[in-house]
Amino acid sequence: MKNTISRRDFLIKATTATAVAYSCCPAVAQNAKELRTTLSSNASDGLFDVARNRLAYQSSSIDDNRTAHLVTDGSRQSIWESQPGGEQWISIDLGQAFPIDHLTIRWGHPCANAYRIQVSTQPLTSGHDVQAHEWQTVYDASHSASGVEQIPLHSTPAQHIRLIATLPSNQTLSVSEIEAWSSHSSPSHAYSLPQQVLTKDGAHLTEGWSLLSAAFNASPPAEISSVNYGSPDWLPAIVPGTVLASYLTAGAIPDPFYGNQQSQVSEAFFTHNDFWYRTSFAISSDCGGRRLWLVFEGINWKADIYLNGTKLGSIAGAFIRTRFDITRAAVIGGTNCVAVLIHQVDHPGPVQHKILGGQYRNGGILGLDSPTFLASIGWNWLPTIRGRNIGIWNHVRFETTGDVILEDPWVTTESLMPDNSRAALAVKTGIRNLSDSPIQCTLTLTFHEVSYRYTVTLRPSESQLLEINKSHWAALDVPNPSLWWPNGYGDPTLHTLHLQIEYGAKTSDEKSVTFGIRKFDYSTGGGILTIYVNHCKILCRGGNWGMDQGMLMCDRDGYDLRVRMHRDMNLVMIRNWVGMVGRDGFYDACDRYGILVWDDFWLANPSDGPDPSDHAMFMRNVLDRIRRTRHHASLALYCGRNEGDPPADIDAGLRASTTSLDGTRFYIPASASGLVTGHGPYDNQEPAWYFEHRGTTFHSEQGIVCVPPVESMRAMMPEPSLWPISDMWAIHDYQDPRSVLYTERLERRYGPPSGIEDYCRKAQMLNLETAKAIYESLQSHQGSGQLIWMTQAAWPALICQLYDYSFEQTAAYFGAKTGSRPLHILWDQFSNTIKVANNTPHRESNMHAEAWIYDLDGRERRHSQASLSVPPSSAQQVFGLDIPSDITPVYFVKLALSRGSELVSDNFYWAPLRNHDCTSLNGLPQTSLQASAHLSPGGHTQMSVAVSNVTSTIALAVRLMVADARTGERILPVMYEDNYFSLLPGESRQLKITFPRHSLADISAQLHLEGWNIKPSSIHIQ
């Protein structure tokens, strides 16, 4: 008979017991007693269990639930169970070396007939190299084990502990808990919870949070939210952040984004459980006499909020802000405790497993719980995220006000003269009286150091929507305004308006809002949606974001980096697919860099998940989302649903709310029908295909497979999995059919790869020409928009990205950057014509276009040229490309666009003469390059690089890589002005490379050079 219950049964039982405890019925005490006996203490007789909540790796697990980290979670009921047969092991990383007095092993059933214990003091970088460790056997047992076993180790030093058992073919190995007892305390036991002191100026409540599964805690909420409550079992938590991200940051689980380590994280533990968060804080005495607020900017999925033993209320839906008035419940000048019970989603759906040749579902039943992070259930570009990203994923803020508050102020551009010489603005804000008395108050607006005062009287508990325009305040009639422009069309200038509400000679509330002076217009001529900004047609070259990061671990700097990379790629738009990106930092970055936002609501394709079960909750989240984001200059378009229409009542609600709460942006119900097109295709095509079939509409999803460079492949999976193509590739989204077609096209075009290095080398050639053709087809036809699927990688993947998860800029990145230039010369490979595209608000005159054709030997075979003038928002055909009939099987095309002596745009192509066969490139002679690199004076943020080809051979697809000279490891992130570029014989390039501040401060860096036919070399950076 088994002496333990299953993990799932335990979770059900424990959660039920906890739920009973919440009801404050007479069973509370008994339930609490039963539940607490399942947890082992982490300190005893001066010894500490240094294995508690530490990383654990496994040889295998019987299912998705009974995984390795459950042996260090402190619960005697949770169990790791291996698959049957063979040599099965579990390894624990203690984080540092400790002298281990003894181990306690709490066996499950079945347990080992014979086993051994090994230790190691070597560092361990990840789970894959456990087997390669130098292990010392410290205990070898030939007897059967059961129950609880104590193993003396006599202060043996260990950073890693491994239990190994050899099992019969039909037997599994089961362990409930492994405790490593040491006289030294682990940092995980000694972490401190700093107490923030909050002032009336407001603050993000980010410090001192801790976290615990509700299944491990039967204490009533009033006790948990008391300042006197204490428990050693809680983990430090990150806020904002998800439960899973907190466990990862605390070192309690392996990184689920490496290899197949997601299989070592228990689905049941994180997904079928509620979780408690708590922290304490002090409120400074200068907050006295003010209203005190606790503001939650986003939790997932539902939550109950408690302060100092009192329930403040509940939150429903992942994308709604909630303000709690804590004036009566809070203690000014003393300690306060807030506790948050995060509820699991109701319909998490099953874990998806990916194997080569398998067909994966996208989405699933989690759609019933929308609005939530729908992609967390798993898509073809993202694995199933354990826990489905529940947690306090967005900021928690403390604020103080008087009795009159300002609500969601924003500034609109009401009109803009056709020549952009004058703009009329309007300020709109909610204003509310929270008291039970009438109040006469004064609103002061300050813009460009000019102020305006407006007096209003509010009845008790009255709310008003105020609108102040140029008829009230002359400063809102702006001559020669500094406009906000999309990237490439002008500067994205931002302005700030400050609002202050006063009564009784005191400030009651104040806010600042950042905005851009710009005017959106929309055309539907020809059944195609076209966006105009400041009377200029915008060619919406951009991409989709499925999610910012698979575990929502993206902060303001992370958004800045990602959006800046889009800016540097000359892109203009990001589609927030199914609304999976929700933090203000994303919209702020898009404002700064001039990137338009196509904003979806939280409805996936109907075939990818059901409609929400709670339409009212969905719409409450919608209304708040609009109020929250409408002030952003970058927000350009609302979309109801991905690849389908919303339910009729939700569609009606979206139309009404986007009009009543905004009214300045266009709403479309579906992303791939009506005024826009979509549905891929999602595999890479030959370059000419895009010019024949794309570029005339507003196309929302044009797919790309984009295998990253080999360094990124090595960073995402163990070396044995790199070659040949394996199930590990499938886990990282190598999928049938698109990835299989990608490999077939790679082999047909460039020849069968000889190994992983050759595969990735040839992949970059395919990546570059595909991404460039996608955007150049839009430039050529001057349609409305083309959004690639996708630009942003939410986890280490082989598809749907232009830069990868580690911010390595693939060749596709530079293909997109070239193909999206605002002023650009290109080769339409379907019509075989040279064109110049001008996507700026200005006519470009006195332009000179040239084209050269070279053969494989680097000999010039043709040269054509012409002068032209190009109107704004247009593409002009210059001349046809005369390809010699006797050219080599692969030839090269070089293009240049000049204005006088200034080179404005250049371009380079390789192309097969027939049958899409570029294998003749394999015969190019290897060549060496001359290069130099110099850091900018006084800092480590920019590098100047000169590269020259002094040979008679074309240097094809030159790749630069900045690396640590000591380790050879690449330095990331790095922003290359250009890469994977080609040099004609005798040609040179001057390039800039930029780095985040201080990234090279303590590193001796080298510049590596390689390429298609480039002899690898390294140079010292001066």
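**Strands, helices and salt bridges**

Visitor: Are R575 and D600 buried or exposed?
Guide: Relative accessible area decides: under 20% is buried, over 50% exposed, and anything in between partly exposed (1.4 Å probe, protein chains only). This is a predicted model, in which local features need pLDDT of at least 70 and side-chain atom pairs count only at pLDDT 80 or more, while totals for chains, interfaces and linings use all residues. Residues are numbered from 1 along each chain as its sequence is written, and side-chain values use heavy atoms, with hydrogens and water left out. R575 and D600 are both buried.

Visitor: How many residues apart in sequence are the parts that R575 and D600 tie together?
Guide: The two residues form a salt bridge, with their closest N and O atoms 2.7 Å apart; the term requires a side-chain nitrogen of Lys or Arg within 4 Å of a carboxyl oxygen of Asp or Glu. R575 lies in strand β35 (residues 573-576) and D600 in strand β36 (residues 596-600), so the pair ties together parts whose separation in sequence is 25 residues.

Visitor: How many salt bridges does the structure hold?
Guide: Some of them form a network, which links E297, R323, R397, E399, D584 and R628. The count for the structure is 59.

Visitor: What is the relative accessible area of R641?
Guide: R641 meets D611 in a salt bridge, 2.8 Å from N to O. This pair links distant parts of the chain, 30 residues apart: D611 is in the loop between β36 and α9, R641 in strand β37 (residues 635-641). D611 is partly exposed at 33%, whereas R641 is buried, with a relative accessible area of 2%.

Visitor: What relative accessibility does E757 have?
Guide: E757 forms a salt bridge with R714, the closest N and O atoms being 2.5 Å apart. R714 sits in helix α12 (residues 710-716) and E757 in helix α15 (residues 756-781), 43 residues apart. R714 is partly exposed at 33%, and E757 also counts as partly exposed, at 43%.

Visitor: Which residue of β20 stands opposite I305?
Guide: Strands here are DSSP runs of E with at least two residues, numbered from the N terminus, and two strands pair if DSSP finds at least two bridges between them. Strand β17 (residues 302-307) is joined by six bridges to strand β20 (residues 335-343), and the two run antiparallel. In β17, five of the six residues are buried. Opposite I305 stands V340.

Visitor: Which residue takes a positive phi in the hairpin of β17 and β18?
Guide: Strand β18 (residues 310-316) runs antiparallel to β17, and six bridges join them. L307 stands opposite T310 in β18. Two residues lie between the strands, and the one with a positive phi near 50 degrees is N308.

Visitor: Which residue caps the N-terminal end of α9?
Guide: Helices are DSSP runs of H or I with at least four residues. Helix α9 (residues 615-629) has 15 residues and reaches 21 Å from first C-alpha to last, close to the 21 Å expected (1.5 Å times one less than its number of residues). Its buried residues include M617, F618 and R628. With a side-chain oxygen 3.3 Å from the backbone nitrogen of A616, the cap is D614.

Visitor: How many of the nine residues of α16 are buried?
Guide: Cover for the buried residues of α16 (residues 811-819) includes α7, α15, β41, β47 and β51, where contact means heavy atoms within 4.5 Å. Helix α16 is largely enclosed by the rest of the structure, because its buried residues number nine.

Notes: A polar contact is a pair of N or O atoms within 3.5 Å; within protein, one must be able to donate a hydrogen and the other to accept it, and residues adjacent in sequence count only if both atoms are side-chain atoms.
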